[in-house]
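Reader: I have a protein model open and would like to learn how to read its features. Could you take me through them one by one?
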Amino acid sequence: MKVPFVSFETMHNEIRQELDNAYKGVMDSNYFIQGQACAKFEQEFADYCGVKYCVGVGNGLDALMLILRALYIGAGDEVIVPSNTYIATALAVSYIGATPVFVEPEIDTFNINPDLIEKKITEKTKAIIAVHLQGRPADMDRINAIAEEHNLKVIEDAAQAHGARYKCKRVGSLGCAAGFSFYPGKNLGALGDGGCVTTNDKEIADKVRALGNYGSDYKYHHIYKGCNSRLDEIQAAFLSVKLKQLDKWNAERKRIAGRYIKEIDNPLIKLPKTSDDVFEHVYHVFVIRCDERDRLEKYLNYNGIGILKHYPIPMHLQGAYVDLGLCEGDLPVAEEISKTVLSIPMYYGMTEEQISFVIERINCFR
């Protein structure tokens with residue numbers, strides 16, 4: 001049996017006619033940038049997240065970068081980021097001239113460890129980026145409490161957590177602003193690149209919108225040195241169709257995760273910390289850990305099971321961040337995670353036979 005790491009076939013087949021109609025609607029409108037489709041999706045996603053404002057942008061990296069710029073963070077400033085996340089989180093900080101300061105994660109949740117944040121705060125620190133990695137919300141009460149004590153802004157990186165909840169509140173509503181990605185593989189993915197910023201702060205929303213539109217608040221009137229980062233009409237129309245299905249798709253992800261957690265029983269395999277009433281995980285990916293990760297990877301590949309490593313080289317050991325002067329051993333938890341994690345198939349449309357096969361093969365690994 002072959003089990004791909006991810007497949008969009010079932011998801012898209014079920015809504016194919018709606019997607020076709022959405023495309024036709026935009027084509028017939030002859031309006032492709034900053035039109036009604038984008039405005040409609042922005043309002044729908046703001047309502048979904050429980051915030052006042054949503055601003056569509058070009059991608060998730062731009063979303064974080066534009067938030068930082070809207071908060072007047074720049075050269076000479078520091079921003080705390082998790083040491084275990086996709087590099088886009090740190091790149092957003094670098095792009096605006098600030099310095100990312102890495103804080104280690106909790107080994108069982110993969111998210112930033114709040115106990116370690118305060119020792120990294122300096123007089124240059126301006127914000128904390130809390131990443132909801134893999135679909136599990138970060139510990140936002142503790143992070144917000146630290147930020148309030150030190151007069152810092154909290155930005156959510158919700159690129160992997162569309163629809164997740166923390167204490168019954170959707171991610172995207174838990175800090176001063178949040179950045180989302182709509183890369184096709186996300187729980188809510190476009191059919192190309194896209195992203196957005198959510199916030200309850202009108203000033204942030206207005207500035208993000210202007211910055212992403214060449215710094216313009218209205219045509220040919222430029223108040224900032226901006227850039228071009230806008231969610232186009234076709235992707236927005238597709239996202240409106242897919243948003244209606246998001247809770248159903250997430251429920252299926254949680255069901256599959258429930259089977260994995262209940263039925264994977266192998267002493268060589270460490271499972272992720274489960275979801276609960278506080279941290280509602282939406283399992284963008286399902287990540288296991290194994291000290292024999294590379295051997296497990298070859299074994300699963302041989303058995304026709306698609307896998308990925310998120311992420312095999314931690315950020316501080318990437319060539320892009322050699323300037324920070326960090327060496328192997330400086331961030332041991334991130335390094336341990338990078339050496340042991342493996343993401344196994346997790347997507348809407350997996351059959352019971354495929355799920356059972358993955359579980360059976362993992363349980364047989366010796």
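This is a predicted model: local features need pLDDT of at least 70, side-chain atom pairs count only at pLDDT 80 or more; totals for chains, interfaces and linings use all residues.
Reader: Let me start with the second largest pocket: by class, how many nonpolar, polar and charged residues does its lining have?

Author: Residues are numbered from 1 along each chain as its sequence is written, and side-chain values use heavy atoms, with hydrogens and water left out. For the classes, Ala, Val, Leu, Ile, Met, Phe, Trp, Tyr, Cys and Pro count as nonpolar, Asp, Glu, Lys and Arg as charged, and the others, Gly among them, as polar. In the lining you ask about, nine residues are nonpolar, seven polar and six charged.

Reader: What is a pocket, and which residues lie nearest the centre of this second largest one?

Author: The search runs on a 1 Å grid over the protein atoms alone: a pocket is an open set of points with protein on both sides within 12 Å along at least five of seven lines, a cavity is a set where a 1.4 Å probe fits but cannot get out, and lining residues have an atom within 4 Å of a point. Points are joined across faces, edges and corners, and a volume is the space filled by probe spheres set on them. The second largest pocket holds about 280 Å³. Of its 22 lining residues, Gln34, Arg209, Ala210, Asn213 and Ser216 lie nearest the centre. Two or more residues each come from α3 (36-49), β1 (53-57), α7 (202-211) and β10 (216-218). Helix α7 gives the largest share, five residues. Such labels follow DSSP runs numbered from the N terminus: helices (H or I) have at least four residues and strands (E) at least two.

Reader: And how much space lies in the largest pocket?

Author: About 720 Å³. Its lining has 32 residues, with Tyr86, Gln160, Tyr183, Lys186 and His284 nearest the centre. The elements giving two or more of them are α4 (60-70), α5 (88-95) and β8 (177-181). By class, 17 are nonpolar, eleven polar and four charged.

Reader: How many cavities of 30 Å³ or more are there?

Author: The count comes to one.

Reader: How many salt bridges does a search of the whole structure find?

Author: A salt bridge is a side-chain nitrogen of Lys or Arg within 4 Å of a carboxyl oxygen of Asp or Glu. The search finds 26. One of them joins glutamate 280 and arginine 165, at 3.2 Å from N to O. This pair links distant parts of the chain, 115 residues apart: glutamate 280 is in strand β12 (residues 279-280) and arginine 165 in strand β6 (residues 165-166).

Reader: Is glutamate 280 buried or exposed?

Author: Buried means under 20% relative accessible area, exposed over 50%, and partly exposed in between (1.4 Å probe, protein chains only). Glutamate 280 counts as buried because its relative accessibility is 17%. Arginine 165, at 27%, is partly exposed.

Reader: Which residues do salt bridges with shared partners join into one network?

Author: That network holds Glu252, Arg255, Arg259, Glu263 and Glu352.

Reader: Last topic, backbone angles: what is phi of glutamine 134 near?

Author: Phi of glutamine 134 is near 65°, a positive value in a residue other than glycine. Glutamine 134 sits in the loop between β4 (125-131) and α6 (140-149) and, at 6% relative accessibility, counts as buried. Lysine 167 also has a positive phi, near 50°. Lysine 167 lies in the loop between β6 and β7 (169-170) and is partly exposed, at 43% relative accessibility.
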